[in-house]
Amino acid sequence: MKKIFIAATSQNDGKTTVALGLIFNFKKTFKSIGFIKPVGQRYLEEQGAKIDEDTILIDETLKICGIKCKRKDMSPVAVERGFTESYILKPNQKAITRQIRDAFKRVAGGHDLVIIEGTGHAGVGSVFDHSNSQVAKLLGSKVILISSGGIGRPIDEIVLNKALFEKEGVKLLGVIINKVMPDKFDKISGLVRKGLKRKGVDVLGVIPYEPMLARPTLEQILEETDFEVICGKDFLERSVSKVIVGAMEPHAAVKYIVDDSLLITPGDREDMIMAALGCLRNSDAKKLKVAGIVLSGGITPEEPIMNLLNKAQIPVLLSKSNTYDVATSVHDLTVKIRPRDTEKINTVIRLIKDYVDIDKISKGM
């Protein structure tokens, strides 16, 4: 049975995205694939068990591949509120080790390959004696390190992480540079490969930035905030390409509204709402450019405006917060791929296939 541990130099570098793409692309080589995220920090509760959000996505993916694993085994340790404080006051390294090792044995049973997803960089988890480097050692796995696009910063961070893994006797199989801006792709790909080769690090792939993967849907915005839907709940799956804060004059704002924009404006700015409802797509004159509207200040428009919003077939959300706070909460969202995001999942599969050396990873494990 082969295994590979996927870590990253920082949060949101794309560990789950890479794991997802590898699982689908490894289907040709391995008949049965298992997955485990030993330590999870963002979790949901299912039947009393705390399951990491990324694990749920991967579990649904494995089911598509005809593979079944118990979710609790795929997510054995959840770092809930107070977890770290409790551990410092009463450490129990053996208990956590046993949880991870036992869950891994159950996940690995009968599988040809197990994908292990870490949680952040090599040192994350050190506070409770189970850093990524320690867990990779515990499970006897080599590591693939993910880093976001660039040259100097990624190389510096990769070398630092490599040192932490090697300190635990864990071999770095190679790195994948993710989210490289297309207009700088050739330059960064060439330089980062040369720079890391000097440090004895193999580059397994360089992946261009795909804006679509970072787009939230109105449903995701709703799930991550305290906004409420006041109309258009049947259209929440629409994605957002750009956020427009309607704090200017309508004639100025319309210049910035592009297809799939999200307009954030106070609920009493009827002039701004009407301007948005008048912006139609060049490709479809029956469809609005705005994907949705968030009304700030807890103000619901007058009935005539509400009637127009109901007919517009876009989601309209209401927030009690001011416009600035609404814009900040939307901007700070961490966009995660969900099991039903078919277009995004297919894009990930293609990116890994086209830009990552699958054969080299398979042979190196």
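This is a predicted model: local features need pLDDT of at least 70, side-chain atom pairs count only at pLDDT 80 or more; totals for chains, interfaces and linings use all residues.
1. Stepping back, β14 and β15 belong to an open sheet of five strands, with the order β11-β15-β14-β13-β12 and mixed pairing. The edges are formed by β11 (228-231) and β12 (242-245), each of which pairs on one side only. On average, neighbouring strands of this sheet are turned by 25 degrees against each other, direction ignored.

2. Now for the helices on this sheet. Helix α12 (residues 303-311) lies across β11, β14 and β15, and runs at about 95 degrees to β11. Helix α13 (residues 323-331) packs on the sheet too, where it touches β12, β13 (261-266) and β14. The direction of α13 makes about 155 degrees with that of β13.

3. Another pair to look at is helix α1 (residues 15-26) with helix α14 (residues 342-355): their axes are 8 Å apart and they pack at an angle of about 75 degrees. Angles of 65 to 115 degrees count as roughly perpendicular, and α1 and α14 are therefore described that way.

4. Which residues of α1 meet α14? They are T17, V18, L20, G21, L22, F24 and N25, and their partners in α14 are I345, V348, I349, I352 and K353. The residues of this contact between α1 and α14 divide into eight nonpolar, three polar and one charged.

Definitions and conventions. Residues are numbered from 1 along each chain as its sequence is written. Side-chain values use heavy atoms; hydrogens and water are left out. Two strands pair if DSSP finds at least two bridges between them. Helices (H or I, at least four residues) and strands (E, at least two) are DSSP runs, numbered from the N terminus. Axes are lines fitted to C-alpha atoms, for helices over the stretch in contact, and angles run from 0 to 180 degrees between N-to-C directions. Contact means heavy atoms within 4.5 Å. Angles under 35 degrees count as roughly parallel, over 145 as roughly antiparallel, 65 to 115 as roughly perpendicular and the rest as oblique. Ala, Val, Leu, Ile, Met, Phe, Trp, Tyr, Cys and Pro count as nonpolar, Asp, Glu, Lys and Arg as charged, and the others, Gly among them, as polar.
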